[in-house]
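This report describes selected features of the structure shown below.

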Amino acid sequence: MGTLDILGRILTISLFATTLRMTTPVLFATLGGVFSAQAGIFNVGLEGLLTIGAFFAVVGSVTTGSAWGGLAFALVSCLIASLGFAIIHLELGADEIIVGLALNFIGYGLTNFLLIAMLDSTGFFQSPLLVGFETIRISLIDNLPVIGDLFSGHFSLVYLSFISVALAHWFLYNTPWGFHLRAVGENEEAAVAVGINARLMKYFGLSMSGVMCAFGGTFLSLAYLNLFSEGMPAGRGWLALAAINFGEGKPVKSMVAALIFGFTDALAIGLQQFGLPSQIVLMLPYVTTLVVLVFSAIRQQRRATATLAAAAAAEA
Amino acid sequence: MTKREEPKPSSNESSTITTRASRSRLKSILIEVAIQAANYALILLVSLLAGGLVILFAGKNPIEAYGALFDGALGGTLKIADTLDRASVLILAGLAAAVAFRTSVWNLGLEGQLYMGAFAAAWVGFSFHGLPLAIHITLVLLAGIVAGALWALPAIFLKIRWNVNEVVSTLMLNYIAILFTAYLVAFPFKDPAALFPGTPVLDASARLPRLIPGSVLNIGFILALVLAFVVNWFMFRSKQGYELRMVGLNARFAGYAGMPVKQSAFLAMMLSGALVGLGGAVVIAGFFGRFITSFSVGYGWDGMLISLLAQNHPLGVIPAALFYAGLSNGGMAMQSATGVDQAVVTVVKGTLLAFVTVKVFIDFLNRRLRKWAPSTS
Amino acid sequence: MAEAVALLDITKTFPGVVANKDVSLSVQEGEIMAIVGENGAGKTTLMRILYGLEKPDTGTIQVKGKEVKLPSARAAIAEGIGMVHQHFKLVPSYTLAQNVVLGVEPRRGLFVDQKRELEIVNDLSKRYGLAVDGERLTCDASVGEQQRAEILKALYRGADILILDEPTAVLTDGETEELFGMLRRLAADGKSILFISHKLREVLAISDSTTVMRRGEVVGTVQTAATDRRELAEMMIGRETVGGRIREDSVQLGEPVLEIIDLNVQDARCITSVLDANLVLRQGQVLGIAGVDGNGQVELVEAITGLRPVSSGRILLDGKEIQNGKPRQIRQAGVAHIPSDRNATGVALEAHVWENLIAVDYFASPYSGKMALALSRIFADAKDVILRFGVQTPSLKSSTNNLSGGNIQRLIVARELGLERAQVVVAAQPTRGVDIAGTEEIREMLLDYTREGAGVLLISADLDEILVLSDLVMVMYEGHLSDAGKVDDTIRQRVGQLMTGGSIDDQT
């Protein structure tokens with residue numbers, strides 16, 4: 001087969017549609033991390049929060065018989081978890097990385113234990129009682145040739161994730177509380193000097209991490225798949241950290257990185273049809289993340305030296 | 001270089017102070033040890049209680065269950081041997097975490113370094129034939145060490161060169177290592193005769209000799225114990241170890257005093273990878289006899305928890321690792337004996353971690369309080 | 001003119017030091033008052049009390065004749081008091097307008113009204129003649145513009161009383177002129193201005209009245225027009241002859257051991273902090289560098305100890321060039337360093353006392369072999385050294401953060417002076433935070449060191465310390481090192497002139 005043929009077989013509309021779907025969980029986690037990053041906290045507990053969200057979404061769905069009920073359960077549990085993080089880090093003064101790691105371990109352990117205690121299963125849980133989300137067809141565009149295939153027929157949470165980017169951007173850059181939050185993260189002294197309650201802002205940032213990861217986790221267990229399994233997030237919480245790093249904590253820029261990861265995820269699935277070993281192909285997202293990390297670091301370093309040089313030139 | 005000769009006593013008498021000081025010092029050490037022991041005992045109690053509650057919740061008898069757990073871990077020579085064997089890799093992983101964390105290098109890539117070390121060891125084990133036991137084993141273990149260290153190298157290089165955050169880079173390398181070794185096992189180095197996806201079996205000359213015939217306990221355990229003492233000596237008695245620790249406590253101060261900060265971070269990361277890579281080699285050459293993709297149940301992560309439990313102290317890692325190993329083995333026995341699922345063990349571990357992390361936070365609090373309180377002079 | 005603000009009998013003590021003692025001053029509406037004094041005079045504490053950041057132990061504050069309580073900055077702002085700090089409190093990525101309105105943004109529904117924001121800032125800017133481009137990013141703005149934005153920030157919140165802390169420290173001459181023009185306009189508008197400065201030339205140019213503080217007390221308040229620089233410097237620094245001198249007056253000096261030739265050093269923002277500095281330190285000499293904090297002393301010390309690269313010039317130790325060398329090499333060549341910020345760079349607080357003691361010398365014989373630390377030798381010498389230097393600690397293995405600040409300082413001095421021999425000791429604020437007994441002992445130790453042939457470079461913001469110890473005094477002002485000469489009966493006057501921006505031959 002010629003190269004163009006191969007490319008044509010890989011780069012299908014369906015691939016891009018899948019990309020949007022695969023981006024959603026990473027994007028939610030990324031937005032969660034963005035809020036705490038803007039408040040000045042490096043939240044490494046996103047993976048744990050996603051796990052907790054995914055698990056309690058399932059519990060909620062089975063209990064209430066509805067997918068939205070599942071989401072509600074996920075929101076409450078993730079909020080509790082992130083408030084716990086906040087209290088231990090902000091009030092007891094513990095190192096944010098250690099607390100974040102603890103959150104991951106506890107999330108993993110707790111959900112595994114509760115899997116047995118509450119749902120009577122080991123390793124993974126699937127049940128006809130589990131009500132997942134349905135996909136939505138947008139009648140306006142559904143019958144259009146390319147656009148319809150790309151943008152219609154996704155889960156509501158997929159649309160919500162991208163809308164959230166816009167909402168996050170609007171909140172951070174156009175509302176007073178957004179300004180206050182970002183001031184706390186960028187120069188806490190300046191914020192305190194004008195009477196902004198820095199602690200409150202940090203609590204808010206961490207709570208939003210919980211909220212966003214609740215959405216992300218719910219998507220994993222009630223939309224993307226209709227089950228819960230051990231280690232479900234599969235590192236998406238870590239990918240989110242890289243996305244935030246790339247996007248310098250800004251919602252739109254970080255979304256770009258999240259899309260790249262979603263794309264490599266979708267690509268990995270697509271490439272497997274070519275008989276490439278699945279293990280190599282599945283490495284794609286993680287290798288891409290590393291490359292993205294290195295590039296952002298180099299770029300940030302170059303920019304820092306340029307600023308210094310410019311300042312020097314201005315002085316001269 | 002001369003040292004000043006004339007002692008100039010200051011406003012207090014020197015000799016009385018020394019005896020008074022050493023008596024009260026002994027007392028304060030004893031008090032400190034007692035407090036620490038009491039703290040840990042309390043945390044352990046609470047964690048076991050939490051697990052007990054879970055068992056009750058599941059409708060079973062906690063005492064019976066814990067009894068089975070205890071028996072599974074320590075009931076009889078074979079079971080003890082099994083627990084000790086399981087502890088070998090945990091000790092090495094714990095040491096790896098301790099060295100890195102004490103230098104404030106966040107090596108979260110232990111799992112990946114473990115995998116690479118394990119595979120390299122397996123490869124040396126099944127690729128070379130006809131070697132004498134001593135040489136083959138040495139090569140196998142060396143392969144684990146080198147592979148583990150090399151897999152840690154990219155992360156620390158990126159950190160030093162371009163300030164790439166090592167938390168995320170080491171995590172990515174984890175996934176890459178696990179997938180890469182899975183690939184190697186599935187294709188180039190596949191053993192067609194195997195039931196589980198794995199490499200060919202290691203030569204007999206590459207297997208670690210057993211310590212107790214009939215059990216799985218092998219010299220890997222001795223190796224782990226010895227290394228715990230070696231690492232302890234290194235961290236607290238060698239000048240390199242001293243540098244690592246000072247860099248970990250206050251890197252700016254270390255730089256001001258003339259210490260090589262970047263080299264220390266580099267050394268810490270490489271040692272960390274080497275130690276956990278060795279752990280991988282020990283698991284493969286000591287227990288499994290070949291590399292299989294599912295050989296690790298999270299030993300790398302356990303290593304981190306063990307180190308945090310032991311306050312990152314190399315010798316403290318030993319009892320913590322033994323405890324973890326006992327819990328894991330006991331859990332499996334408990335499950336088959338009483339039907340209580342071994343996930344209860346995860347609860348105990350999780351609660352333990354929660355409280356240890358809280359304990360770590362309480363230590364922070366204590367230290368802060370001590371700064372406000374009137375000080376000792 | 002009505003009285004705008006008055007401070008009456010303000011006393012404030014911190015543990016171990018009286019920051020303000022019975023301080024009273026009164027400012028009228030439309031008056032510009034300068035508060036001058038050297039480091040530790042109490043000016044910053046006083047202004048912090050006025051801005052609600054500290055509570056006085058005794059005394060009252062009156063605004064427009066009415067007594068007020070100021071428990072927080074918010075309360076002060078509510079009373080019409082605004083403060084522009086020496087280190088700006090601005091968010092770099094925001095526009096200047098966004099920084100001005102931060103915390104009290106104009107709103108339109110849920111949004112910030114960005115248009116109104118700009119309008120407000122432009123209006124304020126025009127009204128007070130403070131040119132600020134609201135749309136410019138703060139990190140792109142010049143220092144002068146950033147400062148104007150800080151002033152607008154205070155004015156936006158309704159400040160009638162403005163406190164400026166060392167406002168000209170970061171400005172060029174041209175920007176300073178502009179600032180003064182703005183201040184005059186603000187005063188004409190009825191605002192009261194208090195500004196802290198140690199640059200008397202500027203104080204004389206802009207202020208209506210000047211309050212001089214020294215050692216926590218007000219020396220006097222004078223009408224600026226009726227005084228001159230000489231008088232102010234004398235009030236600031238005193239004119240008494242140096243009493244309590246512990247250095248003998250005739251010392252045998254040896255060969256030059258440290259020479260600095262035409263040194264230029266830049267700080268982190270690529271601004272030149274040390275300008276064409278020259279000095280010669282001889283064996284057996286104590287050379288004191290006086291000067292208010294922030295005039296380049298930190299950068300000078302870092303350049304000498306290898307912690308900062310130099311842009312041009314040379315530093316010679318015993319005739320060999322050491323500029324741009326590695327810190328360890330320079331230490332091994334014989335330079336000891338007592339850093340000014342002991343907790344950040346002098347010790348690792350969570351380490352044991354012995355670990356901090358050995359930090360500079362651990363890597364070579366006799367304290368370590370090829371790999372191992374020679375612990376018994378380390379402990380033996382450490383025990384000896386802590387006795388000699390009076391470090392109070394229950395044991396060598398105690399955690400360093402159990403020690404008081406003064407003892408930590410003694411530990412650092414013990415480390416630098418007690419173990420290996422050095423040719424040059426760079427001592428930056430060596431007795432900061434140490435009690436009287438400890439201070440005397442540390443000073444004596446430094447002098448002892450010179451009696452054995454070493455040279456001591458003493459950098460201190462405490463002028464008395466410099467005068468009591470030094471053979472030769474130099475003054476650092478805005479990056480320039482000037483020679484004030486030997487300690488004699490008129491040394492204070494000369495140092496006073498140099499510290500405040502004048503020169504020795506100045507008559508006014």
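## Domains of chain C

In this predicted model, twelve residues of domain 2 of chain C are in contact with eleven residues of domain 3 of chain C. On the domain 2 side of chain C that touches domain 3 of chain C, helix 15 (residues 436-451) of chain C gives the most, with five residues. By class, that side of domain 2 of chain C has seven nonpolar, two polar and three charged residues.

The domain assignment divides chain C into domain 1 (3-237), domain 2 (246-334 + 422-508) and domain 3 (341-420). Taken over C-alpha atoms, the centres of domain 2 of chain C and domain 3 of chain C are separated by 25 Å.

## Interface between chains C and A

Chain C has 18 residues in contact with 17 residues of chain A. Two or more residues on the side of chain C that touches chain A come from each of helix 2 (73-78) and strand 8 (111-112) of chain C. The classes on this side of chain C are ten nonpolar, three polar and five charged residues.

## Strand 20 of chain C

Strand 20 (residues 455-459) of chain C is largely enclosed by the rest of the structure, because five of its five residues are buried. In a regular strand, side chains alternate between the two faces of the sheet. In strand 20 of chain C, C:G455, C:L457 and C:I459 point one way, whereas C:V456 and C:L458 point the other way, and all are buried.

Strand 20 of chain C is joined by four bridges to strand 15 (residues 286-290) of chain C, and the two run parallel. Within this pairing, C:V286 stands opposite C:V456 in strand 20 of chain C. Strand 19 (residues 424-428) of chain C also runs parallel to strand 20 of chain C, with five bridges joining them. Here C:V426 has C:L457 of strand 20 of chain C as its bridge partner. The chain passes from strand 19 of chain C through helix 15 of chain C to strand 20 of chain C in a right-handed β-α-β crossover.

## Fold of chain B

Chain B has 13 helices and zero strands. Read along the sequence, its pattern is α-α-α-α-α-α-α-α-α-α-α-α-α.

Of the 377 residues of chain B, 54% count as buried. Among contacts in chain B with a separation of 6 or more, 78% are between residues 24 or more positions apart.

Conventions
Residues are numbered from 1 along each chain as its sequence is written. Chains are lettered from A and ligands numbered from 1 in the order in which they are written. This is a predicted model: local features need pLDDT of at least 70, side-chain atom pairs count only at pLDDT 80 or more; totals for chains, interfaces and linings use all residues. Domain bounds come from an automatic or database domain assignment. Two residues are in contact if their C-beta atoms, placed from the backbone, lie within 7 Å. Ala, Val, Leu, Ile, Met, Phe, Trp, Tyr, Cys and Pro count as nonpolar, Asp, Glu, Lys and Arg as charged, and the others, Gly among them, as polar. A residue is buried if 20 or more other C-beta atoms lie within 10 Å of its own, exposed if 12 or fewer, and partly exposed in between; C-beta atoms are placed from the backbone. Two strands pair if DSSP finds at least two bridges between them. A crossover is right-handed if, with the strands pointing away from the viewer, the path from the first strand over the helix to the second runs clockwise.
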